[in-house]
Amino acid sequence: VARRLSMPAKVKEEEIGKCGSRIMVFVRVRPMNKKEKELNSRCCVRIVNQRDVYLTEFANENDYLRLNRVKGRHFTFDGSFTDSASQLQVYATTTSDLVEAVLQGRNGSVFCYGATGAGKTYTMLGTVENPGVMVLAIKDLFGKIRQRSCDGSHVVHLSYLEVYNETVRDLLCPGRPLVLREDKQGIVAAGLTQYRASSADEVMTLLQQGNRNRTTEPTRVNETSSRSHAILQVVVEYRVRDATTMSIVNRVGKLSLIDLAGSERALATDQRTLRSLEGANINRSLLALSSCINALVEGKKHIPYRNSKLTQLLKDSLGGICNTVMIANISPSSLSFGETQNTVHWADRAKEIRLKVSDTNEDQLPMPETETDQTKLVLELQKEN
Ligand code: ADP
Ligand code: MG
């Protein structure tokens, strides 16, 4: 983590690999599910050496023609997990360093990105038997706090919230939408529950309850397709003696664990009219997130946080002294090859943008209101990158 933090935004090409990056990018493939097996779908994803990802097959002739890609495209990430990787392995590789950093007063964020059904919620929340990153992080955090302080000076607060259709809701206390306000600590959701946690055990139940409060809607793509982004924020506050002044100071570290909405294109559903607004807004948050990350890594002065609720909320977890981790979740099946390819490409881009050196200070891109505008913006962003 220290290595990553001290990395400048602009890195020489030969240093890559030796030093790691500001954004660490991982890929996790889930096991084939029952339906994928029943339909005799092929496995498109091969993971080698816990780093390399090969996309090896095409779903069908149409996909081949449409995507026009060479067989067996190869990608390398900071780490890649096969379908047999354990939750603990994923946690230890991607997030445990960030928990350590939070205890030193730094911010961190972990995002799961991918199509609906690719394993984002499994990775983040998990099940009672196989708890995911959110739960393991809190367990680890309490363990570490116990190890280093017996005076009870650490206070841990949890908030669990949702961004759905550019509306923010409290998942621990569902009710009216929350208003985002700017105060001296940054952007805060007014009235958001700050749950004071005292042990890791109570947290799983709390989070599962919260997860049931997430907005999910039936679509043709998947019956429980989630169009909401869920953010767990873990704030650790503690007192330390300042080495120079010898006075007691308050230190705060914040960890944001984010289960992003399904990244599949809104056009994949047939309820286009009803869904187009939601679709646009989901992409609005995802696009805004990409532009913020681009801008941050390129060292731009203006970071367009204001373009979406998601990026406003994550402002202090993206910029400043912060570690960012992306986990791209994918299905192994040829039935989802298109989505898998999109996700892996996006992850690959997220990994590469740290190399970009830009001398222009770009202004905020206007966020699109319609599908067509959106397509234009996507193309523009692609051209830019
Ligand atoms: P998403 O949140 O991306 O829509 P989910 O996390 O809900 O997808 O995963 C879809 C289904 O696949 C769930 O039933 C989940 O339990 C299962 N699943 C996902 N990833 C794994 C994994 N690594 N191991 C076992 N089951 C998984
Ligand atoms: Mg989910």
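**The shell around ligand 1**

By class, ligand 1 has a shell of 3 nonpolar, 9 polar and 2 charged residues. Keep in mind that this is a predicted model.

Who is in that shell? In total, 14 residues surround ligand 1. The closest are Arg30, Gly119, Lys120, Thr121 and Tyr122. Which element gives the most to the shell? Helix H6 does, with 3 residues.

Now the annotation. UniProt, in an unreviewed entry, places a "binding site" feature at Gly114, Ala115, Thr116, Gly117, Ala118, Gly119, Lys120 and Thr121.

Let's take two of the annotated residues in turn.

Start with Gly119. Gly119 sits in the loop between E6 and H6. Is Gly119 buried or exposed? Gly119 counts as buried, because 22 C-beta neighbours lie inside 10 Å, and the cut-off for buried is 20 or more. Leaving out residues up to four places away in sequence, Gly119 touches Arg28, Arg30, Gly114 and Asn329.

Next, Ala118. Ala118 lies in the loop that runs between strand E6 (107-113) and helix H6 (120-124). Ala118 has 25 other C-beta atoms within 10 Å, so Ala118 is buried. What does Ala118 touch, with residues up to four places away in sequence not counted? The contacts are Arg30, Asn329, Ile330, Ser331 and Thr343.

Methods
Residues numbered from 1 in each chain as written. Chains lettered and ligands numbered in written order. Predicted model: local features only at pLDDT ≥ 70, side-chain atom pairs only at ≥ 80, totals over all residues. UniProt positions renumbered as here; feature names shortened; annotations may be inferred. Helix = DSSP H or I, 4+ residues; strand = E, 2+ residues; numbered from the N terminus. Buried ≥ 20, exposed ≤ 12 C-beta atoms within 10 Å, placed from the backbone. Contact = placed C-beta atoms within 7 Å. Near = placed C-beta within 6 Å. Nonpolar A, V, L, I, M, F, W, Y, C, P; charged D, E, K, R; others polar.
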